[in-house]
Amino acid sequence: MSTLLSDRLRETTREERSGALPSPFVASLAAGRLPLAAYAELLSQYWFIYESLELASAAMADDPMARPFVYPELFRVPALESDLRFLFGSRWQTRITALPATTTYCTRIRSAAFGRVTEYVAHHCTRYLADLSGGQWLRQAVVEAYGFRRDGFRFFVFEGIDPPLFRARYRDRLNAVPWARRQQDAFLAEVATAYRLNMDLLAELRDNWT
């Protein structure tokens, strides 16, 4: 069995990944079977999650072990705010509310990813690597399904980034971290938690819209 952390990550999350792509909610969204409001609610929930995660990035930026994983070019909050302004209007912040699953997710990020490197990287890689893989498929699907032209899908657009190349470099960076086995185990356990929290959110969205 490989001892590379990226390989351990792939093996550990095999079951979660097979169940996460696509979820029933995401599949319905990609097919255009849901109203635009369902898509707007998904992005609304992501705004709360990424605000928490990117505050964690700011808090961890001076940590020498975390710093290699703080990529400002990945930050999604500005793009999400642009999308939400397009979808809801200038007073978008008064029109979005965190769902219970989102609140639980954000609480976990705030309790685990501020100050603990392994947990921070776990939430970071779970979210952003998903955006750079399955998120690119979903981008194409929602653009076609909902007729977006320039706006409404900026969350999925990573300017100046080649997603496959970035994912490969990210995996190399994971393999280079000098973590002991127990630290790797803590990282993998938190990745599994992050996957579960994301699936809980998608399940709540499914229940609300399908």
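Predicted model: local features only at pLDDT ≥ 70, side-chain atom pairs only at ≥ 80, totals over all residues.
Biologist: Which side chain of opposite charge is nearest to E54?

Modeller: E54 is found in helix α4, which spans residues 36-60, and its contacts beyond four places in sequence are L74, F75, R76, V77 and Y128. Although E54 is buried, it has no salt bridge, and the nearest side chain of opposite charge, 5.7 Å away, is that of R76.

Biologist: Are the rings of Y46 and Y50 stacked or edge-to-face?

Modeller: Y46 and Y50 lie four residues apart in helix α4, and are therefore separated by about one helical turn. Y46 is buried at a relative accessible area of 8%, and Y50 is likewise buried, at 0%. Their ring centres are 6.0 Å apart and their planes stand at 85°, which is over the 60 degrees required, so the pair is edge-to-face.

Biologist: How many residues apart are F86 and F148, whose rings form a pair?

Modeller: The ring centres of F86 and F148 are 6.3 Å apart with planes at 70°, so this pair is edge-to-face. The pair links distant parts of the chain, since F86 sits in helix α5 (residues 77-88) and F148 in the loop between α8 and α9, and their separation is 62 residues.

Biologist: Is F86 buried or partly exposed?

Modeller: F148, the partner of F86 in the pair, counts as buried at 9% relative accessibility. F86, by contrast, has a relative accessible area of 44%, and is therefore partly exposed.

Notes: Residues numbered from 1 in each chain as written. Heavy atoms only, no water. Helix = DSSP H or I, 4+ residues; strand = E, 2+ residues; numbered from the N terminus. Buried < 20%, exposed > 50% of the residue type's maximum accessible area, 1.4 Å probe, protein only. Lys, Arg positive; Asp, Glu negative; His and termini not counted. Salt bridge = Lys/Arg side-chain N within 4 Å of Asp/Glu carboxyl O. Contact = heavy atoms within 4.5 Å. Phe/Tyr/Trp six-rings, centres within 6.5 Å; stacked < 30°, edge-to-face > 60°.
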